[in-house]
Amino acid sequence: MTTGGWTIMVLSVGFVTVLLAWCLYKVFTHSATEVHAPPQIDPHDREK
Amino acid sequence: MNQGGGAARQSWGTRIGVIFAVMGSAVGLGNFLRFPGKAAQYEGGAFMIPYFIALLVLGIPLAWAEWAMGRYGGIRGHNSTPGIYRTIWKRAAAPYFGVLGMIVPVIIYMYYVFIESWCLAYAWYTATGQLALGNDATKYKSFFDGFVGKDADGFLVIGGGGVSPAVIALAICFVVNFALIYRGISKGIEKFCLFAMPLLILCAIIVLVRVLTLAPYEGRSVLDGLGYMWNPHTQTGGSFWKSLANGQMWLEATGQIFFSLSVGFGIIITYSSYLKRNDDVALSALTSNAGNEFCEVALGGLITIPAAFVFLGIAGVAGQGTFDLGFVVLPQVFQVMPMGQFVGSLFFFLLFLAAVTSSLSMLQPAIALLEDGLGVGRKASVAMLGFITLIGSLFVVYFSKNLTALDTMDFWIGTFCIFVLATFQTILFGWVLGIDKGMEEINRGGNIRIPRLVGYVLKYVAPVYLGAIFVTWLYQEINRPAEKGNYFKSLADSPVAALTVAFIGIVALLFIFLIARSVQRWKQIEQREEEVRI
């Protein structure tokens, strides 16, 4: 395996692995700490 | 406004569920067989440059657009592509473009479920030792040809005395798919993908560890195999920059990204229509794409070709098509590999899981039209779609000689129509919905902010890029010699190819009729709502 092959393999595999890890980190941290803004909270009292 | 009839509108249960479902739809045989084959064939590692450019410029932006348009239509009461297109583009013709969003997934399902059944059967054959055919490559080839009925039309149905194993495996796959789709979005698709995707990745990691720890075989090590896959300029020779000048490689790399991410299939737009108004699409779309890329590059790219190279060398690997690599070369590799019986059955099982999560997603767009457009209940819509797809799959199984029906469907629907549908959706997003509204849709409720530049890419760069690739591909296909498989000429030369295209036409007409009835019903509902308002 040449230096070029190593470089491309490490960069390619590294890029997709880091991207997935970052995305999953963002997904799980946002889900846990998500705070709903007032317009998103439906009090179900519009008809009253 | 829910135009789907009396039933309550379905939605995803969890955010990770929809991400895994879209990821499952994208991850298929192409990740583990087609991608490594193409990368090794076209300039090795140099292939990754156009591959990643296409991912960033075309793949991910198109996925964002499709997710956003789906949610846009969903919160306005539509889950089917005709309904979603109608909410975005207020023209009478708009819903009829949705016929592509129907026939693409439905017809791909008809042949894809047959391929899925090969994976299931090969997992069984490998686990039970029935694929231990020695070192003669021709035995594996003739086993595969006999199994899929390549020798004669009707061979699998009437040729072998009794029901063929391929038909039994196909029946099992049909039951699995329709049982899951019947359970609905959250209880069926989501629950299955939440279990199947981690299991698929776990299976792939076990196979990967086995491949990377292989001892040298006849002087060839794993590093040699990785070198064959990743070293640049394997084909044209010379420098890395000379490799990058290979135009065919750019075409193939873009095509691989395009087909791998499942954009332009009508699936993502349907799945995302079940999201709620402020559910995130920006990060979810990126995560599902990242998951697909991880399976393709980090798992598929390190398993298939290196393993085959170690045991069979260049002669056994070079120039193999996707099916031959998966069902002729790899079974031979697993017979020679230490622990090959276990690893081989695990590999085919992971291919089966990847195929199920994909085929499952192909059924939902048509189910959505029957429910959303015609107000048909789940049980009836599943039964109707089951009947239509069964006829199509039996058509593929019957006309199995040289897999002509399967190849013809794959060309006209799995390639040609996908290009057309993706181009239409790109124009719909960039030029009809518009950059302002479109980017607002992508970013609303988003956990990450997508820059406005993406909107310009979707409006100007993506249609031109897609158009250029499509025209180049079309030119090559039209001018391809007949003996190398010219699908335009085969319409005149092969009765089965012509019959297959006629069958596609009949399915398209059926969906045009269903869309017309749906439009009629939507207009009646809108009229009633207008009267109530007055």
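Tutor: Two residues are in contact if their C-beta atoms, placed from the backbone, lie within 7 Å. This is a predicted model, in which local features need pLDDT of at least 70 and side-chain atom pairs count only at pLDDT 80 or more, while totals for chains, interfaces and linings use all residues. Residues are numbered from 1 along each chain as its sequence is written, and chains are lettered from A in the order in which they are written.

Student: Which residues does B:Trp64 touch, not counting residues up to four places away in sequence?

Tutor: With those neighbours left out, B:Trp64 touches B:Ala282, B:Ala285, B:Ile442, B:Ile450 and B:Val454.

Student: Which residues touch the most other members of the largest nonpolar core?

Tutor: A nonpolar core is a set of buried Ala, Val, Leu, Ile, Met, Phe, Trp, Tyr and Cys residues joined through C-beta atoms within 7 Å, where buried means that 20 or more other C-beta atoms lie within 10 Å of a residue's own. Here the largest such core has 184 residues, and B:Trp64 and B:Ile103 touch the most other members. Helix 5 (residues 94–127) of chain B gives the most to this core, with 23 residues.

Student: At what angle do helix 9 and helix 14 of chain B cross?

Tutor: Axes are lines fitted to C-alpha atoms, for helices over the stretch in contact. Those of helix 9 (residues 184–212) and helix 14 (residues 282–317) of chain B come within 9 Å and cross at roughly 40 degrees. Helix 9 of chain B contributes residues including B:Ile201 and B:Leu208 to the contact, and helix 14 of chain B residues including B:Leu299 and B:Pro306.

Student: How many residues of chain A are in contact with chain B?

Tutor: In chain A, 19 residues are in contact with 25 residues of chain B.

Terms used. Axes are lines fitted to C-alpha atoms, for helices over the stretch in contact, and angles run from 0 to 180 degrees between N-to-C directions. Helices (H or I, at least four residues) and strands (E, at least two) are DSSP runs, numbered from the N terminus. A residue is buried if 20 or more other C-beta atoms lie within 10 Å of its own, exposed if 12 or fewer, and partly exposed in between; C-beta atoms are placed from the backbone.
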